[in-house]
Amino acid sequence: MHSPGRRRARTRGVTALLGSVALLAGCAVGPDTGPNVVRGDNAQQDDSGTPKQPQLAAPKNDLNWKPCADSIADKYGLAKDGATGAGGVELKGIELDCARYDVPVNAAEQSGNTIRIGAVRARTDKTPKTAVPLVLTSGNDMPSSRTLLSFTGEQGRPLLDRRPIVAIDHRGTGTSGLIDCMTKRQRAAYDVNGAEAGRDLPERVEKLSESARAAADQCNDALSPDQLDYSAAAAAGDLEQLRERWDVERLALLSVGDGSSVALAYAAQHPDRVGRLIMDSPVGYNVSAKEVAASRARGLQESLATFI
C-alpha cells in the first residue's frame, strides 16, 4: 500500500512529463488551427471585399435590325391598336425590331451546313441607344420572342426604359423557323389532347401515343442527319455566335423556364463570357398552369429587381 506522500510525488511527475511533451510538440490549448493558407502569387490580396461585377459593353457590330411590330403581333395574335392583350402584352410605345443570323448546324463537325436564328429586340423611346442589352432565352418551352412580349406590360417597362432586351428564339421555334414535320391529323390530336376519341381515357391515350410515335419517326427523318443538333447545348452555341457578331467580351443573360438549361449550358461552355446571369427557375412538375405563371412572374420580378 502506497503512502499519500508517494502518490503526490507520482502525480507531480506525471504532470511535469505531460507539460514537457506539450512544450516539445508546440501544442496550444484548444483545436488545431491547421497550416497557414497559401494564397498564390498575390499574397497581399484582400479577400474580404465584395467581388466586382464584370464590365459589360454595348455591341460594337450590331445585327441588321428591321421594324417588325406588326408581323410579331400577327404571329402571336395580338392587338396592334394599343389595347392590352393576353398576358399583359401592351405594344403601344414599344419598338420591336427583328433580325436573323446564320450559325453552323454543328460547329464541331464543320460540315458547312447552316441554320438561321431569329432575334427580336424590344425597347422604348426612353431606352438609351448605347445601353447594354439583356439577352433573353426561354428555351423550347415557349418561343423567346413570345416571352419577350411579357415585358411590354406595366411591370416590365421600367426595365425596357433602361436597356433593350434581345430575345433569341430556340432552333425550330418562333422566328427561327418552325419545324413542321407533323401531319394536320397528328397536330390536331395534340391540340385537343386526344379528345377526338371521345371521353374514353384508354382510347385517348392510345390516340395520343399513336400520333406521338408517328410524329417522332417523321421528325427524325425530316431532321436527319441533324436531329441531335436542337439541344440546349446547340442553343448555347447560338448565343456564342451572337456574342462574336456583337464583338463584345461578355453577355448579360436572362433565362425563363426551360431557358435556364440553355443559360447554364452557355455558362458551362463559356464561363469567361458571362457578364450577368439571371435564371427564373422552372416550378415543380404536375402543378397548375395558374401556379406556374404566378411563380414565374414572382421569380422573374425578384431577379430583375436584384439586377437593376
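## The protein at a glance

The protein has nine helices and seven strands; here, helices (H or I, at least four residues) and strands (E, at least two) are DSSP runs, numbered from the N terminus. This is a predicted model, in which local features need pLDDT of at least 70 and side-chain atom pairs count only at pLDDT 80 or more, while totals for chains, interfaces and linings use all residues. Residues are numbered from 1 along each chain as its sequence is written, and side-chain values use heavy atoms, with hydrogens and water left out.

Of the 308 residues of the protein, 36% count as buried. Buried means under 20% relative accessible area, exposed means over 50%, and partly exposed lies in between (1.4 Å probe, protein chains only). Now for contacts, meaning heavy atoms within 4.5 Å: among those in the protein with a separation of 6 or more, 71% come from residues 24 or more positions apart.

## Salt bridges between strands

How many salt bridges does the structure hold? There are nine, each being a side-chain nitrogen of Lys or Arg within 4 Å of a carboxyl oxygen of Asp or Glu. In one of them, aspartate 97 pairs with arginine 123, and their closest N and O atoms are 3.8 Å apart. Aspartate 97 lies in strand β2 (residues 94–104) and arginine 123 in strand β3 (residues 114–124), so this pair ties together parts that are 26 residues apart in sequence. Both aspartate 97 and arginine 123 are buried.

Let's meet another pair. Arginine 116 forms a salt bridge with aspartate 102, with 2.8 Å between the closest N and O atoms. This pair also links distant parts of the chain, with arginine 116 in strand β3 and aspartate 102 in strand β2, 14 residues apart. Arginine 116 is partly exposed, with a relative accessible area of 45%, and aspartate 102 is partly exposed too, at 31%.

## A salt bridge within a helix

Glutamate 240 and arginine 243 form a salt bridge whose closest N and O atoms are 2.7 Å apart. These two residues are three residues apart in helix α7 (residues 232–246), so about one helical turn separates them. Glutamate 240 is buried, as is arginine 243. Elsewhere, salt bridges that share partners join Asp62, Glu95, Asp97, Arg121 and Arg123 into one network.

## Where two helices meet

How do α7 and helix α8 (residues 259–269) cross? Their axes, which are lines fitted to C-alpha atoms over the stretch in contact, come within 8 Å and cross at roughly 65 degrees. Angles run from 0 to 180 degrees between N-to-C directions. The two helices are therefore roughly perpendicular to each other, the word used for angles of 65 to 115 degrees.

Residues of α7 in this contact include Leu239, Glu240 and Arg243, and those of α8 include Val262, Ala265 and Tyr266. In α8, Gly259, Ser260, Val262, Ala263, Ala265 and Tyr266 are buried. The buried residues of α8 pack against α7 and also against β4 (134–137), β6 (251–256) and β7 (274–280).

## A glycine in a loop

Glycine 172 sits in the loop between β5 (165–168) and α5 (184–191). Is glycine 172 buried or exposed? Glycine 172 is buried, with a relative accessible area of 11%. Not counting residues up to four places away in sequence, glycine 172 touches Gly177, Leu178, Ile179 and Tyr230. Glycine 172 and asparagine 140 are 32 residues apart in sequence and 8.5 Å apart in space, C-alpha to C-alpha.

How values were computed
Parallel < 35°, antiparallel > 145°, perpendicular 65-115°, else oblique.
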